[in-house]
Amino acid sequence: MTWKEQVVLYRRDLHRIPELAFQELKTRDYLWQHLTHLGLRPQKMGGTGLIADIAGDRPGPCVAIRADMDGLPLAEETGLPFSSEHEGAMHACGHDGHMAIVLALADRLVEDRRFPGTVRLLFQPAEERPPGGAKQMIAEGALEGVDAVYGLHLWAEFPVGVAGLKEGPMMANADQFVIRIRGQGGHGSQPEATKDAVLIAAQTVVNLQTIVSRRVRPFDAAVVTCGTIHGGHIFNIIAETAEITGTVRTFSPAVQQLIEREIERIAQRTAALYDATAEVEYQTGYPAVVNPEREVAVWTERLRGLVDVIRPEPSMGGEDFAYYLQQRPGAFLFLGAKPSEGATFPHHSPHFVIDERALPLGVEAFYRIIHA
Ligand SMILES: [Zn+2]
Ligand SMILES: [Zn+2]
């Protein structure tokens with residue numbers, strides 16, 4: 001069997017056994033078995049992750065190749081013959097493919113060691129759930145001795161044969177917030193004796209939408225989304241408390257800090273307007289994935305003839321690959337995997353599918369960065 005066929009089988013095996021963040025034990029066993037079978041010495045790291053080094057035939061840099069490992073809490077509805085065997089869990093983002101790509105890469109590298117330096121395979125758990133696995137992997141030494149780190153994400157928005165790669169922001173800083181409003185509850189017929197937390201929450205949501213439209217420069221991209229709003233128990237009682245949760249997406253620390261300040265200010269002042277109080281809990285999440293120029297130029301050059309490299313608009317999604325790029329040079333790439341037939345479902349959909357022809361391209365994309 002060729003490595004191009006093998007990578008598809010790896011992916012299907014892994015697709016059957018999705019596990020949630022920091023629970024990737026079967027997944028790690030699977031990787032472990034293959035890597036030890038190849039004669040490598042993997043090392044457990046980052047909770048449920050692992051690293052393994054492959055030495056080339058001559059001195060050179062140490063290049064880390066990262067694959068994330070976790071699935072999502074979803075019930076799969078693709079109808080694929082190799083669908084999830086784990087109830088309530090699904091590889092609906094493509095991380096099964098990322099691991100398969102790196103496994104097949106390992107096969108190729110072990111078979112023919114004509115490359116300089118060392119390749120560190122970096123299998124990282126828990127990308128999907130902040131604070132994520134990358135931080136822990138780094139804290140435990142995953143980047144020690146590493147000169148550069150590369151990663152990719154299978155991308156359902158681009159067709160197979162297209163790759164998105166550019167310098168600067170690729171993915172957003174992703175934060176979350178909770179606003180707790182405290183008013184004064186009472187009888188639905190006597191509003192004059194109350195401070196209606198539901199009304200204040202509604203005003204707060206509306207006012208928050210003026211941050212991007214009226215505080216952020218038009219040239220800076222940002223999103224403020226209120227995802228939930230909860231308050232009250234029954235139709236004829238005015239709610240005493242209400243809670244709003246949401247997410248903030250930005251590309252620069254300056255805009256991020258501006259928005260954090262504005263959320264605090266608007267929440268408190270809106271509540272004060274109605275003689276109530278609000279408390280804001282703001283949690284910074286993954287930083288933005290920002291690709292350095294040099295590595296992007298080199299990788300783009302090497303990808304010539306393999307895929308069409310386009311300069312994509314950044315994604316407002318978050319990725320903890322950002323932490324590696326804060327520590328080391330490297331690059332992150334979107335690899336087109338849009339199904340050629342049927343509807344395309346977004347990442348994180350229970351119907352999410354990829355075109356598996358993207359997988360060998362992923363292996364080759366990494367292979368080319370290693371073979372200087
Ligand atoms: Zn995802
Ligand atoms: Zn993902």
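Where is the place of Ala-126? Ala-126 sits in the loop between strand 4 and helix 4. Helices (H or I, at least four residues) and strands (E, at least two) are DSSP runs, numbered from the N terminus. The model is a predicted one, in which local features need pLDDT of at least 70, side-chain atom pairs count only at pLDDT 80 or more, and totals for chains, interfaces and linings use all residues. Residues are numbered from 1 along each chain as its sequence is written, while chains are lettered from A and ligands numbered from 1 in the order in which they are written.

Backbone exceptions come first. Most residues other than glycine have a negative phi, and most peptide bonds are trans. Ala-126 is not a glycine, yet its phi is positive, at about 55°. Ala-126 is buried, because it has 27 C-beta neighbours inside 10 Å. A residue is called buried if 20 or more other C-beta atoms lie within 10 Å of its own, exposed if 12 or fewer, and partly exposed in between, with C-beta atoms placed from the backbone. The loop between strand 4 (116-124) and helix 4 (134-139) also holds Pro-131. The peptide bond from Pro-130 to Pro-131 is cis, and its omega is near 10°.

Asp-275 is another residue other than glycine with a positive phi, near 65°. Asp-275 lies in the loop between helix 6 (253-273) and strand 13 (277-286). Asp-275 counts as exposed, because 10 other C-beta atoms are within 10 Å.

Strand 4 contains Gln-124. Gln-124 is buried, with 34 other C-beta atoms within 10 Å. In sequence, Gln-124 and Asp-68 are 56 residues apart, but their C-alpha atoms are 4.7 Å apart in space. Two residues are in contact if their C-beta atoms, placed from the backbone, lie within 7 Å. Leaving aside residues up to four places away in sequence, Gln-124 touches Gly-46, Gly-49, Arg-66, Asp-68, Met-69, Gly-133, Ala-134 and Met-137.

Helix 2 (residues 25-37) has 13 residues. From first C-alpha to last, helix 2 reaches 18 Å, close to the 18 Å expected at 1.5 Å a residue. The expected span is 1.5 Å times one less than the number of residues. Thr-27, Arg-28, Leu-31 and Leu-35 are the buried residues of helix 2. Seen down the axis, they fall within an arc of 95°, so they line one face of helix 2. The arc is that of the directions from the helix axis to the C-beta atoms. Asp-29, Gln-33, Thr-36 and His-37 are exposed on the other side of helix 2. The buried residues pack against helix 1 (3-16), strand 2 (49-55), helix 3 (95-111) and strand 4. Gly-39 follows helix 2 and has a positive phi, near 90°.

Helix 3 takes part in two helix pairs described here. The axes of helix 1 and helix 3 are 8 Å apart, at an angle of about 140°. Helix 1 is therefore oblique to helix 3. Axes are lines fitted to C-alpha atoms, for helices over the stretch in contact, and angles run from 0 to 180 degrees between N-to-C directions. Angles under 35 degrees count as roughly parallel, over 145 as roughly antiparallel, 65 to 115 as roughly perpendicular and the rest as oblique. The crossing of helix 1 and helix 3 is right-handed. A crossing is right-handed if the near helix is turned clockwise from the far one by less than a right angle, and left-handed if anticlockwise. Residues of helix 1 in this contact include Trp-3, Tyr-10 and Leu-14, and those of helix 3 include Met-99, Leu-103 and Asp-107.

Helix 3 and helix 9 (residues 358-370) have axes that come within 9 Å and cross at roughly 55°. This pair is therefore oblique. The crossing of helix 3 and helix 9 is right-handed. Gly-97, Ala-100, Ile-101, Ala-104, Leu-105 and Arg-108 of helix 3 meet Leu-359, Gly-362, Val-363, Phe-366 and Tyr-367 of helix 9.

Helix 5 (residues 197-214) has 18 residues and reaches 25 Å, close to the 26 Å expected. Its buried residues are Ala-197, Ile-200, Ala-201, Thr-204, Leu-208 and Val-212. They cover an arc of only 125° around the axis, which puts them on the same side of helix 5. What covers them includes strand 8 (173-182), strand 10 (222-231), strand 12 (241-250) and helix 6.
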